[in-house]
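Please consult the sequence and structure alongside the text.

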Amino acid sequence: MAGARAAEQALLVSVAGERLAIAAASVAEVIRTPAVTRVPLSDPGLVGVANLRGTVIPVVSLAVLLGKDSDATSRRVVVVDHDSPVGLTVDEVSALERSDALHDGEQPVRTIDVEALLKARFGTRTKTVAPIASGVSEKREADAAEATATVAFFSFVIAGQEFGLPLAAVREVLAVPASMVVLPRTDDAMVGVVTLRNRLLPLVSLATLLGLGGATVGAGAKIVVAVIGNVRVGMIVDAAKAIVRASSDQIDPVPTVLTRGRQEAQIQAICRFDDGDRLMSILSTDHLLRDGLAERLAAESDKEDLDMAGTADSSEIEQFVIFQLADEHYGLPIDSVAEVIVMPDKLTTLPKAPKFVEGVMNLRGEIVPIIDQRGRFQAPASRSARKPKVIIVRIGKALAGFIVDGVSEVLGIAADRLRPPPLLAARDNKLIDRIANLEVDGRMILLVDPQELLDRAEQDIVAAIRETAPAGP
């Protein structure tokens with residue numbers, strides 16, 4: 001009886017000044033407009049994706065579906081549920097009425113068929129694609145195999161010197177929080193503890209550990225979360241620098257004369273860049289922590305913390321480089337990222353180069369085309385005064401640099417936090433292949449398939465540029 005009564009009722013909404021009726025049987029709920037993450041290169045009718053109690057749903061503009069102007073003033077989202085939830089933006093929700101009473105008033109009401117509108121616009125039903133398989137795809141395995149010829153490091157600055165940790169030991173890179181708990185009568189390298197996803201993370205000063213100064217925290221300081229020995233620890237550094245890769249002939253062991261004591265044993269190798277003009281000291285993950293400090297941190301850590309860091313089962317954790325374009329966050333699998341560098345002051349321009357190529361740069365003797373990703377993602381101009389970054393991405397066997405507004409962190413994400421994009425968001429758009437729904441952080445990160453950053457024709461153009469462009473400065 002209740003189902004028959006619902007079928008005879010309709011939800012009245014307003015869109016761009018018009019009163020509309022939606023069959024109540026298809027309405028799951030009405031919510032305030034949530035935080036929406038825009039999906040680049042998607043249909044104009046797709047506002048983006050949103051988090052609805054742990055489920056990623058597409059949010060669609062009902063005004064655009066009806067051929068009206070964009071509904072920038074919408075204040076409500078009507079969630080309809082046919083094969084899966086879809087949010088429809090509306091200006092107002094006024095009442096729930098019987099269908100046979102819709103035309104009794106003075107203002108006409110138009111009844112709309114939501115499913116027909118979605119099918120006409122997107123050419124498909126709303127059913128969500130099947131869950132992604134656990135582990136990495138064949139394409140990601142190929143990317144990882146391509147990267148095995150080099151060793152990846154995360155580099156940072158302490159007291160004006162560049163240091164690095166093997167990227168495999170780094171779990172994420174975070175901003176220093178505004179407050180932390182300081183523990184009394186601890187090792188002088190201990191700064192305090194903070195809460196990271198409902199678990200305590202001990203913080204240590206790398207400057208103190210290396211004998212390079214006191215445990216001061218500057219304005220640009222970062223926390224490098226890493227697994228050192230069998231302990232997950234946050235290490236405060238003066239500034240995060242980049243992800244770099246080096247071949248075996250660029251890595252030299254520390255000269256024997258310098259390895260006499262404990263202090264020097266913390267450095268396991270020296271990495272040479274730019275023909276030896278730039279040196280990076282590689283820290284040892286086995287000897288970095290002092291014995292007493294390592295034992296105390298190990299005693300205070302529990303197995304659950306180690307599982308979160310990926311030590312117990314690293315196959316369940318994938319690492320991503322998180323970058324920003326305007327207010328949106330995106331992620332790239334870390335195996336596809338060759339390096340992250342600051343945007344050069346000047347690029348070498350090429351005559352008759354396609355519009356999507358800003359120019360080329362010389363990266364240690366290799367020509368890399370540079371592409372403005374903001375324009376390609378149709379992102380608004382950045383409001384930040386910081387200099388843009390360039391993410392050097394491995395696409396097949398070629399390298400290309402993509403200009404982004406910033407690179408915020410390296411983030412390890414558990415497999416159970418990864419979701420396939422809703423079908424409406426994935427239609428004719430292979431660029432976003434997964435979504436990280438981080439409910440604890442209140443964030444949603446679109447994960448980019450690096451092989452889709454350039455289409456086949458663009459990859460051929462980039463390969464030709466790399467082969468024919470002059471080396472330049």
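Met361 is located in strand 25; helices (H or I, at least four residues) and strands (E, at least two) are DSSP runs, numbered from the N terminus. The model is predicted: local features need pLDDT of at least 70, side-chain atom pairs count only at pLDDT 80 or more, and totals for chains, interfaces and linings use all residues. Residues are numbered from 1 along each chain as its sequence is written, and side-chain values use heavy atoms, with hydrogens and water left out.

- With a relative accessible area of 11%, Met361 is buried (buried means under 20% relative accessible area, exposed over 50%, and partly exposed in between, with a 1.4 Å probe and protein chains only).
- Neighbours within four places in sequence aside, Met361 is in contact with Ile341, Pro344, Leu347, Glu366, Ile367, Val368 and Ile370; contact means heavy atoms within 4.5 Å.
- Met361 and Ala400 are 39 residues apart in sequence, and their C-alpha atoms are 10.0 Å apart in space.

**Overall composition**

- The protein has 11 helices and 32 strands.
- Of its 473 residues, 47% are buried.
- Among contacts between residues at least 6 apart in sequence, 64% join residues at least 24 apart.
- The protein exposes about 22500 Å², of which carbon and sulfur atoms supply 51%; accessible areas come from the Shrake-Rupley method with a 1.4 Å probe, and for residues only the protein chains shown count as cover.

- Strands in the order 24-27-28-26-25 form an open sheet of five strands with mixed pairing; two strands pair if DSSP finds at least two bridges between them.
- Strand 24 (337–342) and strand 25 (357–363) are the edge strands, each pairing on one side only.
- From one strand to the next, the twist averages 30 degrees (axes are lines fitted to C-alpha atoms, for helices over the stretch in contact, and angles run from 0 to 180 degrees between N-to-C directions).
- Six bridges link strand 25 to strand 26 (residues 366–372) in the antiparallel sense.
- Asn362 has Ile367 in strand 26 as its bridge partner.

- Strand 22 (residues 317–325) and strand 29 run antiparallel and are joined by eight bridges.
- Ile317 has Ala414 in strand 29 as its bridge partner.

**Nonpolar cores**

- The largest nonpolar core has 85 residues, of which Leu62, Phe156 and Met235 touch the most other members; a nonpolar core is a set of buried Ala, Val, Leu, Ile, Met, Phe, Trp, Tyr and Cys residues joined through side-chain atoms within 4.5 Å.
- Residues up to four places away in sequence not counted, Met235 touches Leu165, Val204, Leu206, Lys222, Ile223, Val224, Ala226, Ile228 and Leu288.
- Another core, of 12 residues, lies apart from the largest one and has Ala338, Met361, Leu399 and Ile403 among its members.

**Aromatic pairs**

- Three aromatic pairs are found in a search of the whole structure; rings of Phe, Tyr and Trp (its six-membered ring) pair if their centres lie within 6.5 Å, and planes under 30 degrees apart count as stacked, over 60 as edge-to-face and the rest as tilted.
- The pair of Phe323 and Tyr330 is stacked, because the ring centres are 5.5 Å apart and the planes stand at 25 degrees.
- Phe323 is buried at 3% relative accessible area, and Tyr330 is buried at 0%.
- Tyr330 and Phe377 form an edge-to-face pair, with 5.1 Å from centre to centre and 65 degrees between the planes.
- Tyr330 lies in strand 23 (residues 328–333) and Phe377 in the loop between helix 9 (373–376) and strand 27 (389–395), so this pair ties together parts that are 47 residues apart in sequence.
- Phe323, Tyr330 and Phe377 make up one aromatic cluster.

**Positive phi angles**

- Most residues other than glycine have a negative phi.
- Leu41, although not a glycine, has a positive phi of about 60 degrees.
- Leu41 sits in the loop between strand 4 (36–37) and strand 5 (46–52) and is partly exposed at 42% relative accessibility.
- Ala159, also not a glycine, has a positive phi of about 50 degrees.
- Ala159 belongs to the loop between strand 11 (151–158) and strand 12 (161–166) and is partly exposed, with a relative accessible area of 41%.
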